[in-house]
Amino acid sequence: MDRQPLDGLLMERSGLGLDAPTRRLRASRRIGLRVAPLIAAELALAALFAILARHAGHLVGHPGPLVFYTVAFACAGAFNMRLEFRRHQFTFTLADAVLTASFFALGPIGIGIAAAIGEGVSLGIQRVSPLKTTYNIGNRLASAIVAGVTFEAIGHTGAGDVAAWGAAIAAALCFSCIDTFFTAAALATVEQTRFRSVVMSSAPTAALTTLAAAPLGVITMTLARQSFFAPLLLLPIVIAVMLNSRHAAAQRDEHLRFERLYEASARTAHVVGLDDALHLLAVEAKGLATGLGAICCTTDATGAWIGASVDDRGAHPASPAVIRELLFIASDNDGREVVLGPGTPALNAVVDAAASVVIARVSPEQAAPIAIAVLREGQPDIGADTRVQTLAAFAHHASLTTANARLYAELESALARQIDLNRQKGDFVAAVSHELRTPLAVMLAATHTLRKLADRIPESKRLELLDASIEQGSRLQRLIDELLLVAAAEHEEATASECETDVAELVAEIERETRPTTAGRLRVVTNGPGARAIAEPARLRQIMLNLIDNASKYAPDSSIELRVSRDDSAVRLALVDHGPGIPEADRTRVFEQFVQLDQSSTRRQGGTGLGLYLCRQLATLLNGALILEPTPGGGCCFTLTIPAAPPAEAAPTVSPAPRPTPAVEPPRFESIRTRPAEFARPH
């Protein structure tokens, strides 16, 4: 009994600049250091029992039988049955039948030599790695010599002695036990698994195979004493036993695979996080296909491919290069085990000792697209189809698992967003209530004062109260207009007329109008001749007023510049302040509805957080764009880009002036597509 492959444990990754064969050689050397004590123990045991056999007077035997049984051991190794354990395989052969017959023709040392040479020839034909070949030769040498000494020690060695037949079968069982012990010890050392677990998985099948094959050797030897051709009568029985043994091992192997597939499916059924699901699926795939490492990839909520890779060191995210190579290979080799080559440097670097990869992929038409790759050390063999089928069956379960994990993540995100929206809705209602109450309070106070004290208030004071009422009424009107504009944006009902606007003239008017609120801090800088744009003046005016009001509130101590420039196709209006600025992480959020970066109850500035949102929506309505960039040295720069009017000589006939837009008329947004209202934090 041997196992394949022994030297498949991945150690620490070598330098990525090394080629794959060099990394595999280094990994094999590191494995060899772990296996070397076991090989030394096998050789020491063989030497010890060889010395005992020599002192007892039992040596090798005649050269003819030695050559015959060496060839017989080599031929028996060509007919094997495999039983997989994790990423390794136990291989059972009919060597037990040859062994029981050799007890009657060779001494213990001769049996060991024939078994070891036959094993080496068999493994050489199969192109097994040198480390595994060395280990198996030592194992076979020690097991055969111990079995030969055991047979001699029982004391019944006559070919016609019935007790000798039982002694031969008992010695064969001893051979199987030694073989199982060393193999389990090697697997426990290399795999760092429990020795008992390996023994319990392999010993029953090994004993069954020995009990089925060993008597055939005794029968063959007995018939050969009667006639040289008499053993040919056993050929049908040998073939039947061989086929039945292979079938039993295959059934056991299949049972273990289905058992592992069921257990893997059960362990991954309750995973909720997508990253955790990918890691666990890769771990389970690695065990199912008996690999050195595994990679599991799927798409996230945005449609981008993400993945996780695992090896003996643990789980970690798969790099984009690994994912690209996996998807490329899977496109042509889905459901196959293929040999890795120089064309896959990223996959070669995942596991140093990997030589082949098992691929399984599920198309996007299923629950979720999945690509799984299991990296193995050995070349594709007769068990490749079974591994591929097992991994393909697991891939369909993995598709459901990742789909559930992604759905759970989406639901969790939606729940968190809904909770945040409910909170922001309360903040918005409170903010709007405050913004409505303040101008109303001023207007009512001024009106009551004028009504009660009209005769006793000087003319100048009456005008001051009336101006305050008008100013607060205008403020209230702007707030209501903003709320109506948001409602119109939600229903996509706002429009804007396309007409030429003298930007320089409009900017001059805005500068005069905002002089009281900016305290003269606004400075207009015009680059080049007067600019004309294709934009509705009222909409353009509303954008600039909101931007200036925002700069006045949040940069109260800095200068404000309005820079106007144009080129052949666009007019740009850049409003620059030198205030505290906005963090990079929040420069997108400030354009969302109801977003205010300062959510504390002690914030110094009021507002509903609709200003910047409406500015961007109106910019889109004017076929333009509004972006936010940091000002060097601190502050914000809001740049509005709108289409420029053609030169005067090429300008088409201007349509009649646009009809005025009523102050409270719900505008129509036809050219924008906005998201549903979100109560986020205003700026």
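The legends below describe several close-up views of one predicted model.

Residues are numbered from 1 along each chain as its sequence is written, and side-chain values use heavy atoms, with hydrogens and water left out.

**View 1. The whole chain, with its secondary structure and surface.** The secondary structure comes to 17 helices and 16 strands, where helices (H or I, at least four residues) and strands (E, at least two) are DSSP runs numbered from the N terminus. Of the 683 residues of the chain, 48% count as buried, a term that stands for under 20% relative accessible area, with exposed meaning over 50% and partly exposed in between (1.4 Å probe, protein chains only). The chain exposes about 32,500 Å², and carbon and sulfur atoms supply 60% of this area, as computed by the Shrake-Rupley method with a 1.4 Å probe. Among contacts (heavy atoms within 4.5 Å) with a separation of 6 or more, 73% are made by residues 24 or more positions apart.

**View 2. The five-stranded open sheet.** The strands follow the order β11-β13-β14-β16-β15, and their pairing is mixed; two strands are taken to pair if DSSP finds at least two bridges between them. Because β11 (522-526) and β15 each have a single partner strand, they stand at the edges, and one side of each is left without a neighbour in the sheet. From one strand to the next the twist averages 20 degrees, with axes fitted as lines to C-alpha atoms (for helices, over the stretch in contact) and angles running from 0 to 180 degrees between N-to-C directions.

**View 3. Two antiparallel strand pairs within the sheet.** Strand β13 (residues 560-566) pairs with strand β14 (residues 570-577) in the antiparallel sense over seven bridges, and I560 stands opposite D577 in β14. Strands β15 (residues 625-630) and β16 (residues 636-643) also run antiparallel, joined by six bridges, with E629 opposite C637 in β16. The hairpin of β15 and β16 has five residues between the strands, and in this hairpin G633 takes a positive phi near 90 degrees.

**View 4. Helices lying across the sheet.** Helix α16 (residues 537-554) lies across β11, β13, β14, β15 and β16, and runs at about 175 degrees to β16. Helix α17 (residues 611-621) lies across β15 and β16, running at about 130 degrees to β15.

**View 5. Helix α5 and the residue that follows.** The 25 residues of helix α5 (residues 130-154) should span 36 Å at 1.5 Å a residue, and the end C-alpha atoms are 36 Å apart, which agrees; the expected span is 1.5 Å times one less than the number of residues. Just after α5, G155 takes a positive phi of about 95 degrees.

View 6. E42, in helix α1 (residues 20-55), is buried, with a relative accessible area of 0%. Not counting residues up to four places away in sequence, E42 touches Y135, G138, N139, A142 and F182, and a polar atom of the E42 side chain lies 3.0 Å from the backbone nitrogen of N139. I137, in helix α5, is partly exposed, with a relative accessible area of 29%.

Technical notes:
This is a predicted model: local features need pLDDT of at least 70, side-chain atom pairs count only at pLDDT 80 or more; totals for chains, interfaces and linings use all residues. A polar contact is a pair of N or O atoms within 3.5 Å; within protein, one must be able to donate a hydrogen and the other to accept it, and residues adjacent in sequence count only if both atoms are side-chain atoms.
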